[in-house]
Amino acid sequence: MTDGDDETPTEAPDEESATDESSKITPESLDERLDTAEEKLDAAETEADLDEVEQTLEIIAADIEAAELSEPDDEDEESPQEELESRLSDLRDDLESQRGPYAEDVVEDVENAKTKIEDTRWTDRGESEIAEAVESFLDTVADIFEEDDESDAVIDATVSTGDESDLVSALDAVEKTVESASLDADEDEETIAALLEATDLLESDLEDAQEWDDLETREQLEVEGFYDVLGHYKDYPPEWSALKEHEKRGNVEMVLLALDSLQSDFMEKHCLEAITRMNDARAFDAMHQRAQKRDKPSIRALGKMGTGALDAVETLVDYVDSDKDPALQKVTFKALGEIGSEEATQPLADKLVMENDNVRPHAARALGLIGDTRAVEPLADTLEDDASPNVRASAAWALRQIGTEKALEAVAEHTDDNSFIVQHEVEQAKQSLEATTPTA
């Protein structure tokens, strides 16, 4: 027994051996090994053969990475390592192309078909076509398993109603059958190949089936009944005539359909104007979505919905605080006033001192429409101090709309204002105060 100092290290011989081994690695030897691997790949007949080739390629890859191969003198010339790695990559691609087919590929294809059926909007004709495609696929798969003498698999799948859920359930059954059949890539190669041919045909049939997006816009509108409101006589364009009739009848869903379908500035303008006039809360979601992209006509439409658009206040208040577009500010201020949420009071009051005197009146009037008494003081200050007669008049008007005694008195005391439009508001405020003062 010896102490630790006398023990012979066990790692050194291995390191020396590894160094000796790596020193024998040359581009020529690596190329020869790749030749041998390629010959084995060409001769491979089973998955096990391919696994063996793959293991060989992994070892060669490690040796290429570890080898210290000299670089060429010419910078434009490809290095030996790059050439070897390129050839190794090609062999790996060839290896993968020779693998399979696998039962998992069949299951994946069926899963993709299910997704296609569920995620696609089909026309009536398309629904019939995809039902036929799935029925044909089921028959083919059943025949394949019947012809496979070694398989006990039985397809227990039928299409009874032809609706999407029925078709997907039938394909689910095919997936389970394939998975339970335990098909082997070597022994059941022909069966798997036949199943993949069947899934390819199913995919092709589904692609050929008529989807909603395959229809032209006018065809889609016809299917939806958009033109049904028209008589024998149609103004040009007929879409505009139908739009006007749907507005008269209160068919906001048809107006929204036209807005979504007809890609023209002319029809978009008239659809949005119709929605604004209709003042129908059923259009809220569509208008709110557009308003989030700073679409001014949609914001105007939200304002006309009043309290029906309360859920849009947070979006619109963001524009009050941050947006610098005067046109957007004007329409947003008015919409907030019409919606009437007191949540907008402070942000709007803060805008009474903004620089643009063409926008300040809209902030004041919006506060008047909301009617929150917290706005009386900032409006009174605006009436007192603002240099613009138009802004002062708007503040006075807003105070009259709030209508409390304090608000009316804040207007009535400005008898010395030299602006005619302000004086008109002063007289109106005085009349309102007199009407509320009890007689002796």
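I take contact to mean heavy atoms within 4.5 Å. I read helices (H or I, at least four residues) and strands (E, at least two) as DSSP runs, numbered from the N terminus.

I note that the model is predicted: local features need pLDDT of at least 70, side-chain atom pairs count only at pLDDT 80 or more, and totals for chains, interfaces and linings use all residues. Residues are numbered from 1 along each chain as its sequence is written, and side-chain values use heavy atoms, with hydrogens and water left out.

Entry on helix α21. I looked up residues 405-412, which form α21, and found A407, L408, A410, V411 and A412 buried (under 20% relative accessible area; exposed is over 50%, partly exposed in between, with a 1.4 Å probe and protein chains only). The cover over the buried residues of α21 includes α19 (376-385), α20 (389-402) and α22 (420-436).

Entry on backbone angles. I found a positive phi, near 50 degrees, at S182, a residue other than glycine. S182 sits in the loop between α7 (164-180) and α8 (189-208), and S182 is exposed, with a relative accessible area of 59%. I then turned to N279, which is not a glycine either and has a positive phi of about 50 degrees. N279 belongs to the loop between α12 (265-278) and α13, and N279 counts as partly exposed at 40% relative accessibility.
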